[in-house]
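Student: I have a model open and some time to go through it. Can we start with a single residue and work outwards?

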Amino acid sequence: VITDEAGNVVYSKSNDRCNKNARGGHFTIIEPTSAFDLSAGSKYTLTVGMLNPNNRTYTNELAAWIDFNSDKDFSDEGEFITPNNFYITTNGNNTTRSVTFTVPCGSKTNTTRLRLRSDYRYGRIYSSADHSKQLYYGETEDYTFDYVSPTTTTSNFIMPDSAYVGT
């Protein structure tokens, strides 16, 4: 789930065509058309959930990248939006972790991608460089979205009500 600063849902995986009961683990799901908009300069929260119906304790590493400059990779500085060693542990319950990120200003507006990766504890998604390495047991999901200009802008100019003029 991606929410904006006001808590409004921008995108929810429950709205996509992914079968959450799929078996196999090592697969990539790609949202082929733009599924949502992210606005330059805005802050968002990405919440990822994990469910283990076996009632065993599992730890997965999570990672997220956004191709802000639309150059078809996730290698550029600032595109890795989760902290290094970002884990989620579940014991059969639906467990979630969240990360807040700000969409940078200055890039051209475009259609681009968000990549989510999870891997069972042996995969070691340590850092930004791990956007395409082979996973031990996990999955990669790419979502297409539109990187847009803000619809409104605000400023915080302060105008003094008096001024000192020295003579």
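**A loop residue, then the sheet**

Tutor: Lys72 is exposed, with a relative accessible area of 67%; exposed means over 50%, buried under 20% and partly exposed in between (1.4 Å probe, protein chains only). This is a predicted model, where local features need pLDDT of at least 70, side-chain atom pairs count only at pLDDT 80 or more, and totals for chains, interfaces and linings use all residues. Residues are numbered from 1 along each chain as its sequence is written, and side-chain values use heavy atoms, with hydrogens and water left out.

Student: Where is Lys72 found?

Tutor: In the loop between strand S6 (58-66) and strand S7 (86-90). Strands are DSSP runs (E, at least two residues), numbered from the N terminus.

Student: What is phi of Lys72?

Tutor: Near 70°, which is positive although Lys72 is not glycine. Most residues other than glycine have a negative phi.

Student: And what about Asn85?

Tutor: Asn85 has a positive phi too, near 55°. Asn85 lies in the loop between S6 and S7 and is partly exposed at 38% relative accessibility.

Student: New topic. What is the strand order in the open sheet?

Tutor: S2-S1-S5-S8, four strands with antiparallel pairing; two strands pair if DSSP finds at least two bridges between them.

Student: Which strands stand at the edges?

Tutor: S2 (9-11) and S8 (95-102); each has a single partner strand, so one side of each lacks a neighbour in the sheet.

Student: How many bridges join S1 and S5?

Tutor: Three, linking S1 (residues 2-4) with S5 (residues 43-50) in the antiparallel sense. Ile2 stands opposite Leu46 in S5.
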